[in-house]
2 protein chains.
Amino acid sequence: MTSATGTPAYRRLSVEERRAQLLEAALSLFAHRAPEEVSLDDVAEAAGVSRPLVYRYFPGGKQQLYEAALRTAADALEQCFAEPPEGPLTTRLARALDRYLAFVDEHDMGFAALLQGGSVVETSRTTAIVDGVRRAAAAHILAHLSVAEPGPRLRMTVRMWITSVEAASLIWLDEDKQPPLDDLRDALVDQFLAILTATATRDPETAEAVRRALALEPPDGPVDALVRRVLGLAGGAAHLQ
Amino acid sequence: MTSATGTPAYRRLSVEERRAQLLEAALSLFAHRAPEEVSLDDVAEAAGVSRPLVYRYFPGGKQQLYEAALRTAADALEQCFAEPPEGPLTTRLARALDRYLAFVDEHDMGFAALLQGGSVVETSRTTAIVDGVRRAAAAHILAHLSVAEPGPRLRMTVRMWITSVEAASLIWLDEDKQPPLDDLRDALVDQFLAILTATATRDPETAEAVRRALALEPPDGPVDALVRRVLGLAGGAAHLQ
């Protein structure tokens, strides 16, 4: 659509709207191609605007656009773990993971490029953005565990789980998105419970956090199901009891 | 020491010895500084040779030297998980982790730079080298589990653990090398047992691998100790039984 004077419709967008539109176009390109294979011409074409207009918004060129797109993606990822502090921990985790995994599913290769840092436009600034997402996710989870000043063992356990969620996401993309997302989410919740329990056996603070969390779990919830399945396995380990 | 004709002593080294010496000097510099802060002059000085000599061995300059040093480090890391397939799984894992963590301790910032990929000389080739280490470590562990053709759940679990070992190593460096390495190694073995068990409750192949592994564990070993500590925690979860 063009106006009566022939001005292209895109001039009608506000500065903020235009910026958001360009970032969305960039993110969607980064989702399907490595950053080094995306040119500013591609972004201009995807957004239906001219290359000079892209430069007007991102005078730093591709590096600036990439960082801004990364920042937008990082903000979205950070929000995944923002969940009201109510109800069972496993329900909160499952909801957060559903959002996180939906983001992975939607952004695909862009998510992989973001995390793997294998791109030529990788700099310490983009690494810092990705680290910021990890730190924010860890802070959310520690808040869900009601731990204000976590000791090193609990902090390390939570950060290790976040890293392994990232790894699982990349493997999932690599394996043609198998298993189904619901299965992956349930497996990740189980793994969180498993490593938190292992740490709890060596760390009183973590043990206390686990007790608090367990008190909120329903008797027929995921924790109960996991415990029953573990007990079902235990036949093979009878000689250890 | 110089020869009678004034030729510097370094000419006496064989090509292979010289190359190894330069790589060792480079690795030791990368261990204490980010790759972008290491110049070829620094490497020449550390090795006690001239800059042209460094260029003769690495005509591709710093990028080539960095990749070769990375390759050397990667070979060493890959060997960490090569352990004779004898005795309890937990003993094999503990030995592999002791070697891996000793490497982390020794190479310090160089290890961090290698894994974080936040360097300006980062390319898809160096990323491929790091991925190769991960794949080799996963293959070793799957071999220790006596699984020749692992299904996706077991494969994902092992790869997630390897990623979380990397994360733990980076966090350990970041936290002034706390806790002591023995504690960290024991915690990582526990976490492996924990996530393997969680996966086993959903995947028959993993359950079979766990049963085989448990059959080799001594009655007073780390698995027994972990099970007793978990049962000791379970008081707080009594309402779930």
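Analyst: A:Glu208 is partly exposed in this predicted model, with a relative accessibility of 39%. Its partner in a salt bridge is A:Arg211, and the closest N and O atoms of the two lie 3.7 Å apart. A:Arg211 is likewise partly exposed, at 33%. Both residues belong to helix α9 (residues 204-215) of chain A, and because they are three residues apart there, about one helical turn separates them.

In general, side chains of opposite charge can pair when their charged atoms come close. Over all chains, the structure holds 36 salt bridges.

A second pair is formed by B:Asp98 and B:Arg185, with 2.8 Å between the closest N and O atoms. This pair links distant parts of the chain, 87 residues apart: B:Asp98 lies in helix α5 (residues 89-107) of chain B, and B:Arg185 lies in helix α9 of chain B. B:Asp98 is partly exposed, with a relative accessible area of 34%, whereas B:Arg185 has 14% and is buried. In chain A, salt bridges that share partners join A:Asp98, A:Asp182, A:Arg185 and A:Asp186 into one network.

A:Arg153 is partly exposed at 24%, and B:Asp183 is partly exposed at 32%.

Helix α9 of chain B (residues 181-200) also contains B:Asp190. B:Asp190 is buried, with a relative accessibility of 2%. Among the residues that B:Asp190 touches are A:Arg202 and B:Arg229.

Key. Residues are numbered from 1 along each chain as its sequence is written. Chains are lettered from A and ligands numbered from 1 in the order in which they are written. This is a predicted model: local features need pLDDT of at least 70, side-chain atom pairs count only at pLDDT 80 or more; totals for chains, interfaces and linings use all residues. Side-chain values use heavy atoms; hydrogens and water are left out. Helices (H or I, at least four residues) and strands (E, at least two) are DSSP runs, numbered from the N terminus. Buried means under 20% relative accessible area, exposed over 50%, partly exposed in between (1.4 Å probe, protein chains only). Contact means heavy atoms within 4.5 Å. A salt bridge is a side-chain nitrogen of Lys or Arg within 4 Å of a carboxyl oxygen of Asp or Glu. Lists of a residue's contacts leave out its neighbours within four places in sequence.
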